[in-house]
Amino acid sequence: MTNSRRWTDGATSVHKPWFWPPVMWLPGCIKKNNRATAVACNTTGAEPPLRNPNNSIGATTWSIASAILCIAMALLVLPVVAQKSSEFPGSTEDHVAAKGWWPTKATKPDNAYAGAATCGKCHAEEYSSQANTAMAKAALRLSDSKQVAEPPSGRFESGPYSYRLVASSDGWSLEVASGGHAVSSRVLWAFGAGLHGTSYLLDGPGGLYEAQMSSFSATHTLDMTPGHKTALEGSLEKAVGNRLSTRDAARCFACHTTASSVGGGLNPEKAVPGVHCEACHGPGLEHSKAAEDHANAKPIKTIFNPAYLTPSGSIDFCGACHRTLIDVALNPGSSGLSSIRFQPYRIEKSRCWERTEDARLTCTACHDPHEPLVRDAAVYDQKCLGCHNSRHEETLRPSTLRSAVAPPMCPKATANCVSCHMPKYYLPEMHSQFTDHMIRIVRPGQMYPN
Ligand code: HEC
Ligand code: HEC
Ligand code: HEC
Ligand code: HEC
Ligand code: HEC
Ligand code: HEC
Ligand code: HEC
């Protein structure tokens with residue numbers, strides 16, 4: 001499979017005009033071989049065909065013609081594919097390094113962004129519903145928020161230290177006390193919409209610190225920030241939290257805010273809290289202007305539309321923040337139950353995906369990124385039944401389904417599929433439950449499969 005971003009990266013792509021609109025069927029012509037990018041022609045994989053092979057021209061003529069076309073396309077594509085043969089499916093670092101837009105990319109200048117309100121002038125539906133998603137609320141700048149409520153109450157005791165959040169005239173601060181002494185650090189940012197929890201970024205000596213303590217929603221308590229260790233006795237300043245390197249801070253902001261790193265460097269002052277339109281679609285001022293300017297009839301070419309990605313590309317796209325299969329594989333620390341938070345990794349490990357790599361299993365097949373998460377298990381049934389049904393001829397799409405066997409039906413139930421096959425697990429460090437996206441048969445007493 002090839003990286004269809006090449007044909008969709010809008011204004012920055014010089015290739016797009018050549019292949020537009022064949023992007024819809026081209027991926028069928030370039031088949032992936034063992035996850036490498038060996039390019040081979042397979043005319044049966046092309047869907048939909050340019051015209052009916054049995055109509056005006058004979059099947060043989062069609063095959064030859066399409067084979068020639070396929071080779072021609074491959075020749076056009078080959079140099080492009082060869083430049084970056086390892087990128088698909090890839091780590092986020094690889095995707096970001098490639099040409100064109102990818103979420104968390106930080107090289108675009110500040111003045112390339114239009115702001116979500118501008119997008120909302122023309123895309124009112126996406127604008128109003130997206131604002132209610134957890135993603136849009138993934139960060140809060142405390143100094144902006146005059147109306148911010150009282151901080152979570154309570155204390156967190158760890159070793160000799162006692163932590164609490166206090167409200168002050170200019171926002172919140174974290175107070176750490178030990179042996180009659182206390183230090184106080186201003187809270188600059190709250191990260192996380194608070195579905196599971198919220199972590200705090202502090203103003204500390206020499207930069208940003210991630211507070212030692214986070215608040216957890218299910219238990220309404222303060223506790224250790226996941227990944228942190230009890231601070232050693234002796235230094236109140238060190239007990240406050242972990243200093244973030246510039247690189248790590250830039251990574252947090254790239255996933256939880258929009259337009260934080262402009263022109264290559266992190267600029268928290270400019271960051272728009274939360275994941276908004278341009279965090280996913282890329283800077284959109286040029287597109288907005290082109291759309292406003294009636295003389296230019298093609299606003300469509302100036303913005304990234306992830307709808308054109310291949311199924312793996314689409315999962316990797318969400319994986320830019322939710323972590324791709326390869327991101328997790330490259331980071332051995334992210335195995336075990338904690339990997340439940342990395343949905344792209346989990347879903348790509350399920351037989352449903354391994355046997356199909358089908359668009360009916362991408363993140364967007366089940367979640368509309370412009371809408372809040374749907375919590376009703378029954379709503380997901382139709383997604384499963386899109387493949388696991390008795391109409392085998394519909395489910396067996398030879399071009400996408402690698403298995404010759406039709407997906408089986410469930411011997412146990414006909415509804416609420418995800419309640420049994422996508423179980424929820426309690427993750428101790430988050431004091432909360434997460435949904436395992438590795439779709440499978442869960443046997444009683446079975447451990448979480450890594
Ligand atoms: C002045 C109106 C206007 C503004 C402002 C605007 N758009 Fe659009 N957008 C359009 C039009 C018109 C289209 C083409 C619609 C079509 O052909 O279906 C479009 C298409 C798109 C598409 C689909 C592109 C494709 O290739 O399929 C995306 C994604 C998009 N806009 C996102 C955005 C984002 C993000 C913003 C804000 C940065 C934005 N738009 C601002 C008018 C606008
Ligand atoms: C720029 C980073 C980024 C990208 C890209 C991204 N996400 Fe997210 N997503 C987040 C963050 C951060 C959260 C956590 C929000 C919170 O609770 O603070 C999140 C949370 C979610 C949630 C949980 C929402 C809820 O209401 O509980 C869903 C579902 C989700 N994302 C789906 C997607 C899908 C689908 C895609 C790809 C189309 C995607 N995300 C791409 C950053 C991103
Ligand atoms: C690679 C992208 C990425 C980076 C880097 C990242 N996050 Fe997240 N974060 C996410 C996504 C995606 C989610 C939602 C899924 C989940 O809960 O794991 C999330 C969830 C969270 C949550 C739970 C939100 C909720 O609603 O319960 C908190 C708190 C959080 N992140 C804080 C941080 C902090 C603080 C940093 C930096 C020190 C950071 N994150 C770095 C992507 C990222
Ligand atoms: C978390 C990532 C994410 C965010 C945030 C996001 N989008 Fe999208 N958007 C997508 C994806 C993925 C698609 C392709 C959906 C699909 O596969 O059909 C898309 C598609 C679109 C389209 C094209 C719809 C079509 O019919 O082709 C428009 C227009 C659009 N988004 C506008 C917006 C606007 C406006 C905002 C901000 C209010 C926004 N998006 C925020 C991920 C996102
Ligand atoms: C087959 C359907 C399906 C697919 C595909 C899917 N999800 Fe989910 N997702 C769910 C269900 C079901 C839930 C749980 C909803 C609830 O809380 O009841 C969920 C919950 C989530 C949550 C909330 C946190 C949690 O663990 O409960 C996030 C974040 C999320 N999905 C992200 C993604 C991403 C990213 C992808 C793509 C890799 C994806 N999902 C693909 C069905 C799906
Ligand atoms: C794109 C098509 C597709 C979708 C969508 C899909 N599956 Fe599957 N599923 C398959 C295929 C193919 C297999 C493997 C059959 C085989 O191994 O012969 C499979 C296997 C399974 C298995 C058996 C796994 C095992 O380890 O033996 C279960 C359980 C399952 N699917 C449940 C679901 C549920 C629940 C959903 C919705 C959340 C779903 N599937 C969505 C195609 C799909
Ligand atoms: C009450 C829990 C439950 C619900 C709800 C449920 N299943 Fe199952 N499913 C099971 C169990 C248990 C098995 C294993 C049966 C066995 O092998 O003994 C199974 C097996 C399967 C298999 C593998 C069948 C095979 O022959 O290998 C598939 C596919 C499947 N389920 C899909 C679904 C789909 C789709 C739905 C929703 C329409 C669903 N399940 C709802 C419990 C459930």
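## Close-up views of a predicted chain

**Figure 1. The chain as a whole.** Of the contacts between residues at least 6 apart in sequence, 55% join residues at least 24 apart; two residues are in contact if their C-beta atoms, placed from the backbone, lie within 7 Å. This is a predicted model, in which local features need pLDDT of at least 70 and side-chain atom pairs count only at pLDDT 80 or more, while totals for chains, interfaces and linings use all residues. Residues are numbered from 1 along each chain as its sequence is written, and chains are lettered from A and ligands numbered from 1 in the order in which they are written. The secondary structure comes to 18 helices and 16 strands; these are DSSP runs (helices: H or I, at least four residues; strands: E, at least two), numbered from the N terminus. The chain has 450 residues, and buried ones make up 35% of them. Here a residue is buried if 20 or more other C-beta atoms lie within 10 Å of its own, exposed if 12 or fewer, and partly exposed in between, with C-beta atoms placed from the backbone.

**Figure 2. The shell around ligand 1.** Let's start with the ligands: 18 residues surround ligand 1, and the closest are Cys 119, Cys 122, Gly 284, Ala 291 and Asn 305. A residue belongs to such a shell if its C-beta atom, placed from the backbone, lies within 6 Å of the molecule. At least two shell residues come from each of helix H5 (116-122), helix H9 (277-281) and helix H10 (285-292). Sorted by class, the shell has eight nonpolar, seven polar and three charged residues. For these classes, Ala, Val, Leu, Ile, Met, Phe, Trp, Tyr, Cys and Pro count as nonpolar, Asp, Glu, Lys and Arg as charged, and the others, Gly among them, as polar.

**Figure 3. The shell around ligand 3.** Ligand 3 is surrounded by 18 residues, the closest being Gly 192, His 196, Cys 252, Cys 255 and Arg 341. Strand S6 (197-204), helix H8 (246-256) and helix H11 (311-322) are the elements that give two or more residues to this shell. H8 provides the largest share, four residues. The class tally is seven nonpolar, eight polar and three charged. Domain 2 (139-244) and domain 3 (312-435) each contribute at least three residues to the shell; the domain bounds come from an automatic or database domain assignment.

**Figure 4. The shell around ligand 7.** Here again 18 residues surround the ligand, with Pro 408, Cys 410, Ala 413, Cys 417 and Cys 420 the closest. Helix H16 (381-385) and helix H18 (417-421) each supply at least two of the shell residues, and H18 gives the most, with four. By class, the shell divides into 11 nonpolar, five polar and two charged residues. Asn 416 sits in the loop between helix H17 (392-395) and H18. Its phi is near 55°, a positive value in a residue other than glycine. Asn 416 is partly exposed, because 13 other C-beta atoms lie within 10 Å.

**Figure 5. The largest nonpolar core.** This core has 60 residues, and those with the most contacts inside it are Leu 174, Tyr 200 and Leu 202. H8 gives the most to the core, with six residues. Domain 2 and domain 3 both give residues to the core, so it lies between them. A nonpolar core is a set of buried Ala, Val, Leu, Ile, Met, Phe, Trp, Tyr and Cys residues joined through C-beta atoms within 7 Å. Beyond its neighbours within four places in sequence, Leu 202 has contacts that include Leu 174, Val 187, Leu 188, Tyr 209 and Val 240.

Figure 6. Strand S3 (residues 161-168) and strand S4 (residues 171-178) run antiparallel and are joined by seven bridges; strands pair if DSSP finds at least two bridges between them. Arg 164 stands opposite Glu 175 in S4. The hairpin of S3 and S4 has two residues between the strands. S4 also pairs with strand S5 (residues 181-191), in the antiparallel sense and over seven bridges, and Val 176 has Val 183 in S5 as its bridge partner. S4 and S5 likewise form a hairpin with two residues between them, and Gly 179 in the turn has a positive phi of about 50°.

Figure 7. Ala 259 is found in the loop between strand S11 (257-258) and strand S12 (261-262). Though not a glycine, Ala 259 has a positive phi of about 55°. Ala 259 counts as buried because it has 23 C-beta neighbours inside 10 Å. Pro 449 is in the segment after strand S16 (432-435), and counts as exposed because it has 10 C-beta neighbours inside 10 Å. Pro 449 and Leu 337 are 112 residues apart along the chain, with their C-alpha atoms separated by 8.5 Å.
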